[in-house]
Amino acid sequence: MKRLLLLVALGAGAASAADAPARLPALKLDPARVTVAGLSSGAYMATQAQVAYPEVFHGAALIAGGPYGCAAGKLETALGSCMKGTPPPDVKALAAAAKTKAARGDIGPLAQLAGAKIYALHGAQDALVAPVVGDASAGFYDALKAVEPALAGMRVVNDGKRAFAHNLPIAASGDDCGKSVPPFLGHCGIDAAGEIFAQLYGKPAKVAGTAKGELREFDQDAYKADGKDAFLGAKGFVYLPPDCLAGKPCGVMVALHGCKQNVDLVGKAFVEDAGFNRWADVYDVAVLYPQTRAVFAPLNPQACWDWWGYSGENYDTRAGVQLRWLVDALHGLGLPPIR
């Protein structure tokens, strides 16, 4: 009888362990091949991540977003200058403000962006984030060169002449390229994911085929900085190419969805259909897909990434709760400690 009870208890324990949310797998991560890409609010978050942690993010792709520090913690500025472009963002002033933040230690040393690659992609038909704002996302980095001589070799590409709306264009063709409708993947015949990988990692060794790796869920709560709420969903996703799973050296790209594009609102459309996973196989780069959640206190009903301050006044610095979460999640994937 005792033996039977012991077996039952062991069985219950095994089932409980199996049901526990998974943590991220530790990869053989190459710290020099860590990048970030984002759409819309995700683009703003991507530039915040790179500027706050330039020693971590060696490349950034900014799709339909604007420059670092644009909102200055004010929602009215975010909705006006930083989306409508009235007035256009003052990139020289924003670059000067970033230099001041770096001198205080609020963000990383700007000189560490010297070898960074920046790719700004935005549609000429974007009616939500004005083309002038998209230009400013690249213009900010150009302005940084004027205030930080060490950045003369930083590579900035501004790709804003193509005809698509406020979405992430994908290789397939359809009738929504000129629209901004869920799941915000425009069937434009433009392989934005492939272009992003080429801009950040160089020319591909081969053409991408069907993704053959594994898409896994993971427990996002496991990476809360000091247990603080980062206003994220309970689960995120990570795509692992076959070579990464086999233990070979692997890079990682953090792919940040836009507003109204998290898994609660569009399912796995961004995670599975944006095109990143098949190119990840070609480049041996894992793709981390963090997921936000909608909240009403503080007000963020569209599940945007924080680029105006709803998570706290330090949202775009190294003290920002979402930025700290991102770095802690990368440590979970195998990124060495930051010195």
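Trainee: How many disulfides does the structure hold?

Mentor: This is a predicted model, in which local features need pLDDT of at least 70 and side-chain atom pairs count only at pLDDT 80 or more, while totals for chains, interfaces and linings use all residues. Residues are numbered from 1 along each chain as its sequence is written, and side-chain values use heavy atoms, with hydrogens and water left out. A disulfide is taken as a pair of cysteine sulfur atoms within 2.5 Å, and on that basis the structure holds four.

Trainee: What is the pairing of the bonded cysteines when they are numbered in sequence order?

Mentor: A disulfide is a covalent bond between the sulfur atoms of two cysteines. Among the links are Cys70 with Cys82, Cys244 with Cys250 and Cys259 with Cys304. Numbered along the protein chain, the bonded cysteines have the pairing 1-2, 3-4, 5-6, 7-8.

Trainee: Why does the disulfide of Cys70 and Cys82 tie together parts of the chain, and how many residues apart are they in sequence?

Mentor: The sulfur atoms of Cys70 and Cys82 are 2.1 Å apart, and the link is left-handed, with -105° about the S-S bond. Cys70 is buried at a relative accessible area of 8% and Cys82 is buried at 0%, where buried means under 20% relative accessible area, exposed over 50% and partly exposed in between, with a 1.4 Å probe and protein chains only. Helices (H or I, at least four residues) and strands (E, at least two) are DSSP runs numbered from the N terminus. Because Cys70 lies in the loop between β2 (59-63) and α3 (75-79) and Cys82 in the loop between α3 and α4 (91-104), the parts that the pair ties together are apart in sequence by twelve residues.

Trainee: Is the disulfide of Cys244 and Cys250 left-handed or right-handed?

Mentor: The S to S distance of Cys244 and Cys250 is 1.9 Å, and both cysteines are buried. The torsion about their S-S bond is about 65°, so the disulfide is right-handed.

Trainee: How many residues apart are Cys259 and Cys304?

Mentor: Cys259 and Cys304 are joined with an S to S distance of 2.0 Å, and 120° about the S-S bond makes the link right-handed. The pair links distant parts of the chain, with Cys259 in the loop between β9 (250-256) and α8 (263-266) and Cys304 in the loop between β12 (299-300) and α11 (321-333). Cys259 counts as buried at 19% relative accessibility, and Cys304 is buried at 5%. The separation of the two cysteines is 45 residues.

Trainee: Which backbone oxygen lies 2.9 Å from a polar atom of the side chain of Asn167?

Mentor: Asn167 lies in the loop between β4 (155-159) and β5 (168-170), and at 1% relative accessibility Asn167 counts as buried. A polar contact is a pair of N or O atoms within 3.5 Å; within protein, one must be able to donate a hydrogen and the other to accept it, and residues adjacent in sequence count only if both atoms are side-chain atoms. The backbone oxygen of Cys177 lies 3.2 Å from a polar atom of the Asn167 side chain, whereas the one at 2.9 Å belongs to Lys179.
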